[in-house]
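User: Hi! I'm new to this one. Could you walk me through it?

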Amino acid sequence: MHAVIPYVVAALLFALGVYGVLRRRNAILVLMAVELMLNAVNLILVAADSTIKSTLTDVQPEAWANAVPEPRAGAIFALFVIVLAAAEVGVGLAIVLQYYRLHRSVVLDEVALHEHDHERRVTP
């Protein structure tokens, strides 16, 4: 497989995620778009690790470095990003569900960021 294909796919996924974050009004869909961007980052991490490993195959490692098999650094970083994404989704969904319980809506345009915004909406 050519090395450019994963990078192009990751760039498309990330661009689609950015578009989703900027255009969507629903908080759940914004969380899904953020997940799409994190998956693009995971794809880049794994592809970069694989590319670097394949280019370094001609380099002879030192004897002391070959004693323990080298872990895949890109996969480890991707696993770390997956754990962070799971935590982000858990916290984000908890916030969205609590907001929905209070206001019966998850539309981001209607979220009052200041107390004055809420008072303005209550007293039209």
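Analyst: Happy to; we'll go through some helices, a loop and a database record. This is a predicted model, where local features need pLDDT of at least 70, side-chain atom pairs count only at pLDDT 80 or more, and totals for chains, interfaces and linings use all residues. Residues are numbered from 1 along each chain as its sequence is written, and side-chain values use heavy atoms, leaving out hydrogens and water.

User: Great. What span should helix 2 have, and what does the model give?

Analyst: Helix 2 covers residues 27-55, and at 1.5 Å a residue its 29 residues should span 42 Å; the end C-alpha atoms are 42 Å apart, which agrees. The expected span is 1.5 Å times one less than the number of residues. Helices here are DSSP runs (H or I, at least four residues), numbered from the N terminus.

User: Which residues of helix 2 are buried?

Analyst: Among them are Val30, Leu31, Glu35, Asn42 and Asp49. Buried means under 20% relative accessible area, exposed over 50%, and partly exposed in between (1.4 Å probe, protein chains only).

User: And what covers those buried residues?

Analyst: The cover includes helix 1 (4-23) and helix 3 (73-103). In turn, helix 2 is part of what covers the buried residues of helix 3, which include Gly74, Ala78 and Val81.

User: What happens at the start of helix 2?

Analyst: There, a side-chain oxygen of Asn26 comes to within 3.0 Å of the backbone nitrogen of Ile28.

User: Switching topic: which residues does UniProt list as "transmembrane region"?

Analyst: The unreviewed UniProt entry lists residues 6-22, 29-48 and 75-97. Such annotations may be inferred rather than shown by experiment. In the model, residues 29-48 are 100% helix, with end C-alpha atoms 29 Å apart. Residues 75-97 are also 100% helix, and their ends lie 32 Å apart.

User: What follows helix 3?

Analyst: Arg104 does, and its phi is positive, near 60 degrees. Ser105 sits in the loop between helix 3 and helix 4 (115-122).

User: Is Ser105 buried or exposed?

Analyst: Ser105 counts as buried because its relative accessibility is 14%. Its side chain makes a polar contact with the side chain of Glu110 at 3.3 Å. A polar contact is a pair of N or O atoms within 3.5 Å; within protein, one must be able to donate a hydrogen and the other to accept it, and residues adjacent in sequence count only if both atoms are side-chain atoms.

User: What else does Ser105 touch?

Analyst: Not counting residues up to four places away in sequence, Ser105 touches Tyr99, Tyr100 and Glu110. Contact means heavy atoms within 4.5 Å.

Conventions. Helices (H or I, at least four residues) and strands (E, at least two) are DSSP runs, numbered from the N terminus.
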